[in-house]
Amino acid sequence: KTNWLTALQTCWDNHVFTKGTFKVQSKELNASDVIKFVANFNKQAQVYHSLTLEDRKFSVANSGIDLSNINDVSKYLVNEALAAGNSAKLLKVLQLLLLIPSEA
């Protein structure tokens, strides 16, 4: 529940900023208010990202895969990408990884 509420608040804050009017509850923000608002937004974003990272770590840790086995990890990633319809995105990432020079 907390993750969803944070995500919704973050989306709303992002919407307010992209509109460019900087209005909160029909009140024009001065420069000081904008700085405070941006600081609060950044804090909310950091909390949201840390919560999603922890949630993902928990999910992966409880998935039953051996994180020290490259074959298990790669199979898990492929299966998750296929299930979510993101196989093309995973393929692009893997193709970019191929460009990283190997240390000989």
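How many helices and strands does the chain have? The chain has 4 helices and 2 strands.

## Model and conventions

This is a predicted model, in which local features need pLDDT of at least 70 and side-chain atom pairs count only at pLDDT 80 or more, while totals for chains, interfaces and linings use all residues. Residues are numbered from 1 along each chain as its sequence is written, and side-chain values use heavy atoms, with hydrogens and water left out.

## Overall architecture

From the N terminus on, the order of elements is α-β-β-α-α-α. Helices (H or I, at least four residues) and strands (E, at least two) are DSSP runs, numbered from the N terminus.

Of the 104 residues in the chain, 14% are buried. Here buried means under 20% relative accessible area, exposed means over 50%, and partly exposed lies in between (1.4 Å probe, protein chains only). The accessible surface of the chain is about 8,600 Å², and carbon and sulfur atoms hold 61% of that surface. Areas come from the Shrake-Rupley method with a 1.4 Å probe; for residues, only the protein chains shown count as cover. Among contacts (heavy atoms within 4.5 Å) with a separation of 6 or more, 40% are between residues 24 or more positions apart.

T10 is placed in helix 1, which covers residues 2-19. T10 is buried because its relative accessible area is 14%. Beyond its neighbours within four places in sequence, T10 is in contact with F41, Q44 and Y48. The C-alpha atoms of T10 and F41 are 7.1 Å apart, although 31 residues separate the two in sequence.

Q9 is also in helix 1. Q9 has a relative accessible area of 35%, so Q9 is partly exposed.

Helix 2 has 31 residues and spans 45 Å from first C-alpha to last, close to the 45 Å expected at 1.5 Å a residue. The expected span is 1.5 Å times one less than the number of residues.

The whole structure contains 1 salt bridge, defined as a side-chain nitrogen of Lys or Arg within 4 Å of a carboxyl oxygen of Asp or Glu. K57 forms a salt bridge with E54, and their closest N and O atoms are 3.8 Å apart. Both residues lie in helix 2 (residues 31-61), 3 residues apart, about one turn of the helix. An α-helix has 3.6 residues a turn, so residues three or four places apart point the same way. K57 is partly exposed because its relative accessibility is 48%; E54 is partly exposed because its value is 47%.

## Loop and helix 3

L67 sits in the loop between helix 2 and helix 3. With 55% relative accessibility, L67 counts as exposed. Apart from neighbours within four places in sequence, L67 is in contact with V60 and V73.

Helix 3 (residues 70-84) has 15 residues and extends 21 Å between its first and last C-alpha, close to the 21 Å expected at 1.5 Å a residue. At the start of helix 3, a side-chain oxygen of N69 comes to within 2.8 Å of the backbone nitrogen of N71. G85 follows helix 3 and has a positive phi, near 75 degrees.

## A nonpolar patch

V93, L94, L97 and I100 make a nonpolar surface patch of about 360 Å². Patches are made of residues with over 30% relative accessible area and no salt bridge: like charges are joined within 9 Å, and nonpolar side chains (Val, Leu, Ile, Met, Phe, Trp, Tyr) within 5 Å. L94 lies in helix 4 (residues 87-98). L94 is partly exposed, with a relative accessible area of 41%.

Notes
A polar contact is a pair of N or O atoms within 3.5 Å; within protein, one must be able to donate a hydrogen and the other to accept it, and residues adjacent in sequence count only if both atoms are side-chain atoms.
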